[in-house]
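Here is a friendly briefing to read beside the model. Have the sequence and the 3D view ready, and look up each residue as you meet it.

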Amino acid sequence: MSDKEAKSLLAKSSGFSGDMNEEVSLELLQLLGHFPLAIEQAGAYISVQHKFLPHESGLYSQALQRYIHEYHLNAERLLKHKRPQSVWDYRNDTILTTWEVSLRRIEMDIPEASELLLLCGFLSNNDIFEELFTYSRFQQYNIPLQDLMHVLSSYSLARFSATMDAITIHPLIHYWAQQRLPLERKRRLSEEALRLIARALRLTEQSYSAQKYALFESRVSSHLHAALKNVQNLSGSLEPGNSYDPPSDISLPHTLSVVYAITEGWFLWMWAAILDIKLFFLSMLYEEEQAENDIWWLAYKLTIVLRSHTLHKNTEQLFRWQFAEARRVLHPKHPRALYIAGDIAWIVLLQGRIQESRKWYEWVLTSRQRVQGEQHYATLGAVMGIATILDKDGSHDEALQLRIMAYEGRAASLGIENSLTLNSAYAIGQQLSNEGKYEDAVKWFQLVFYARNTTLGPDHADTLRSACRISHSLVLLDRHSEALEWDQIAWKERNKTLGPDHEDTLQSAHDIGYILSLLDRYSEALAWSQVAWKERNRTLGPDHEDTLQSAQNVGQSLFLMDRHSEALEWDQISWKGRNKTLGPDHEDTLQSAHDIGYVLFVMGRYSEALEWSQLAWRGRNKTLGPDHQDTLQSALNIGEILLPLHRYGEALEWHQIAWVGRNKTLGPDHEDTLASSHNIGESYKALGQYDEAMKWFNLALQGSQRVLGMDHEETRVTMRSIEDLE
């Protein structure tokens, strides 16, 4: 930066508009290395500390000289302790010294503001909002928190946003504020930051609505992640906690190992019980965050909160550190350590490392059986984890038995309305639904819904999630009217508690539209699907997969109302967005291509319909395989389109492809196979091969009478085709 530019920036940042003393100003600018950030910092300090009229050159020169003097004093202080290397290398000591000058002055004039800056060094540097400090020690000061934020902003150590009621700190200032402190003070402040967040989360959850608390938790998550990492880095643990296998047991002769296991289990159980009793009495004297002396255990409880806001690998690193601390301070099989180990097993499973997760779950299960007993709810939690692994490995029956065992054990010890008991019941319902046992799944989901409705309330997210699962199973049972009632319950409560444009509310609106179309209530279906699309388009964007799914539903409703041109436009919107975001071979993109082809066919635009249907078939054949039902449906569509184009031989070939695949995968009596039999008959009829046509029509008729009945529309259509030939 040139002398002229530097002087202009200094004048602007300090609020001076007169003639500068050339000698004094250049001395200061050379001291600052002509660095813009350092000049801005110095100008902000001079503006706050020295009172002068904008044109008073003499007073302004004195202010510059005093700043030069303070700069040299603080530079000497900086040399007395080791600076963080990354900041030390950043433009030498110049910027460090300007920050020190400002902070020293704040410490002298308004120490509460300097304490705020130092504590913020252990949070995230972005969006440090006032609400986070509602229950902090800063509320006990005579100076309002927002005034303290303004002080930091006036010295250019932070930037204040009035719309967000928050400050943002430059990353280098944020790093410097933390690293300039001695180790012990860093540890104290890192723990204070973590306890600050813990208290804020606990008390806001008690006083806020579910929706408002969810927003608060989301906003706090970046600060929570920073605080947890700081506590971890400053914990002083000798163990990194990076071992990927659970601890090994001591190898002893059989008799001794049995005695040791019994003694160890009893001792650890008693140790945990004494610790719980101690915490109970401390909680009567102190708040929860202060009663807990083990900061790693508080960190563990907060990691449970964080895990829904960060990557699984970040959560796993924190859990492993906390487990290493539990091993060091307590014992690998202490109940606290086992809780953390169970979460390591689960987070590893979520990342697809099934065998590693199995090792952890098996070790946790064995350890909990020894320490906490076979019917303890935590032991049964490990049983649930192993059941999940067995389910993924294809051992469904064994997995279901374990889940039922866990449910019965938890129901006996905790009660049937306990949240952990209901988690087991919900998992049973999910497995039964995945296996196509929808009647049984509905019973389990209803059990969960009614219990959660009693204990959590009708508008709780978990209660409404159960209602949606009931609806989903009922749809697959073709019990559409009942399914609609459950989705309406979910939408009504979500709309009330979360708002009309929340993603869960819009999912319910989308589902209602879909079910109404299954009930042939097309006008209502269109209205609901349009609501879902409009709000998703606004909140998620036009290319989000949920928005495009709603666009597809709008197109489907319009098609069923015989508004084909409008349906085509919506299907094209859906295809264009999916092709852009998901790629041309994604099954959703291919479904949109298939829909476009079918709408064009109904509109009589056969050549265009053929192109789109062939595009869908090629993609499905490549990605899903030749025998997948979607691929075979596209083959059937191509055959139907070729008939009005008078390409009867080709139409026959495509209908034969569809029939062979359906006969192989669905069986000869499935209604789709019978439809293909009828279509082959129509193709032979168009070719003038009436004997072959009659043979296929009779095959279709016999199957339809047997499977669908004499009065079914498909049966009557085939009978009319036979009459036409006779």
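Asp 478 is exposed because its relative accessible area is 58%, where exposed means over 50%, buried means under 20% and partly exposed lies in between (1.4 Å probe, protein chains only). This is a predicted model, in which local features need pLDDT of at least 70 and side-chain atom pairs count only at pLDDT 80 or more, while totals for chains, interfaces and linings use all residues. Residues are numbered from 1 along each chain as its sequence is written, and side-chain values use heavy atoms, leaving out hydrogens and water.

**Two aspartates in loops**

- You can find Asp 478 in the loop between helix 22 (461-476) and helix 23 (480-497); helices here are DSSP runs of H or I with at least four residues, strands are runs of E with at least two, and both are numbered from the N terminus.
- Asp 478 is not a glycine, yet it has a positive phi of about 65 degrees.
- Asp 520 sits in the loop between helix 24 (503-518) and helix 25 (522-539).
- Asp 520 also has a positive phi of about 65 degrees without being a glycine, and at 51% relative accessibility it counts as exposed.

**Helix 19**

- The 19 residues of helix 19 (residues 396-414) reach 26 Å from first C-alpha to last, close to the expected 27 Å; the expected span is 1.5 Å times one less than the number of residues.
- Its buried residues include Leu 400, Arg 403, Tyr 407 and Arg 410.
- The buried residues of helix 19 pack against helix 18 (377-392), helix 20 (419-434) and helix 21 (438-455), with contact meaning heavy atoms within 4.5 Å.
- Just after helix 19 comes Gly 415, with a positive phi of about 105 degrees.

**Helix 33**

- Among the buried residues of helix 33 are Trp 696, Phe 697 and Leu 701.
- The partners of the buried residues in helix 33 are helix 31 (648-665), helix 32 (671-687) and helix 34 (713-725).
- Gly 709 follows helix 33 and has a positive phi, near 100 degrees.

**A buried serine**

- Not counting residues up to four places away in sequence, Ser 592 touches Gln 552, Asp 571, Ser 574, Trp 575 and Arg 578.

**The whole protein**

- The protein has 34 helices and three strands.
- Of its 726 residues, 48% are buried.
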